[in-house]
Amino acid sequence: MKFFIDTANVDEIREAHAMGMADGVTTNPSLIAKEGRVFEEVIQEICEIVDGPISAEVISLEADGMVKEARELAKIHPNVVIKVPMTVDGLKATRQLAAENIKTNVTLIFSPLQALMAAKAGASYVSPFVGRLDDLSSDGMLLVEQIAEIFANYAFETEIIVASIRNPLHVLDSALAGADIATIPFNVLSKLAAHPLTDKGIKAFMADWEKTKK
Ligand code: E4P
């Protein structure tokens with residue numbers, strides 16, 4: 001399973017990349033706004049750090065506007081993937097962009113049929129939002145499992161990016177469900193690497209090593 005890093009913060013991206021854990025990056029308007037920087041400049045900088053798919057989201061709500069924005073964003077770097085919202089206009093834009101060989105990540109997916117429609121429109125990726133469903137007492141991971149089954153039934157090439165990840169169990173369950181990618185916030189990535197028994201083991205080894213010097 002590929003790990004994408006779900007942030008627009010270039011320091012976090014550099015750190016995840018140094019760990020070998022950044023196969024790609026996803027951003028959204030909220031993550032970009034948090035950085036207080038010019039959108040296109042951030043995307044350009046991210047593309048210079050990570051050699052993998054970098055999602056940049058359009059703001060227009062109509063298909064024509066999305067396509068225009070997408071064409072401009074795609075000029076920033078060949079690795080830019082255009083994030084479009086899962087709406088009727090988003091589907092139209094996805095279809096048009098696929099015809100122009102511009103990759104898309106259809107975002108804000110909350111049902112398996114939305115994912116099926118996005119795949120049929122030619123999306124390169126779909127992003128089911130597990131955490132936001134869990135927040136409403138709905139089973140986010142069930143959605144991922146259903147999408148994986150549908151895509152396997154019909155051999156769609158569209159990849160599943162599990163998004164809105166809140167904790168390490170979301171990452172584990174994504175891997176068990178056969179998702180292609182988990183896009184992981186930096187704080188969750190740090191938690192994945194940690195284990196108290198690892199820390200305890202290192203402490204004991206260091207203490208024993210000190211004894212050899214006496
Ligand atoms: C990534 O593609 C999504 O935009 C992101 O994971 C959403 O996460 P949130 O639900 O924590 O805002």
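Helix axes here are lines fitted to C-alpha atoms over the stretch in contact, with angles running from 0 to 180 degrees between N-to-C directions. The model is a predicted one, where local features need pLDDT of at least 70, side-chain atom pairs count only at pLDDT 80 or more, and totals for chains, interfaces and linings use all residues. Residues are numbered from 1 along each chain as its sequence is written.

The axes of helix 4 (residues 63–74) and helix 5 (residues 88–99) come within 8 Å and cross at roughly 45°. From helix 4, Ala 63, Met 66, Val 67 and Ala 70 meet Asp 89, Gly 90, Lys 92, Ala 93, Gln 96 and Leu 97 of helix 5, contact being C-beta atoms, placed from the backbone, within 7 Å. The contact splits into 6 nonpolar, 2 polar and 2 charged residues; Ala, Val, Leu, Ile, Met, Phe, Trp, Tyr, Cys and Pro count as nonpolar, Asp, Glu, Lys and Arg as charged, and the others, Gly among them, as polar.

Now to the chain as a whole. The protein chain has 11 helices and 8 strands, taken as DSSP runs (H or I, at least four residues, for helices; E, at least two, for strands) and numbered from the N terminus. Its C-alpha atoms fill a box of roughly 75 × 40 × 30 Å along the principal axes. Among contacts between residues at least 6 apart in sequence, 54% join residues at least 24 apart.

Definitions and conventions:
Two residues are in contact if their C-beta atoms, placed from the backbone, lie within 7 Å.
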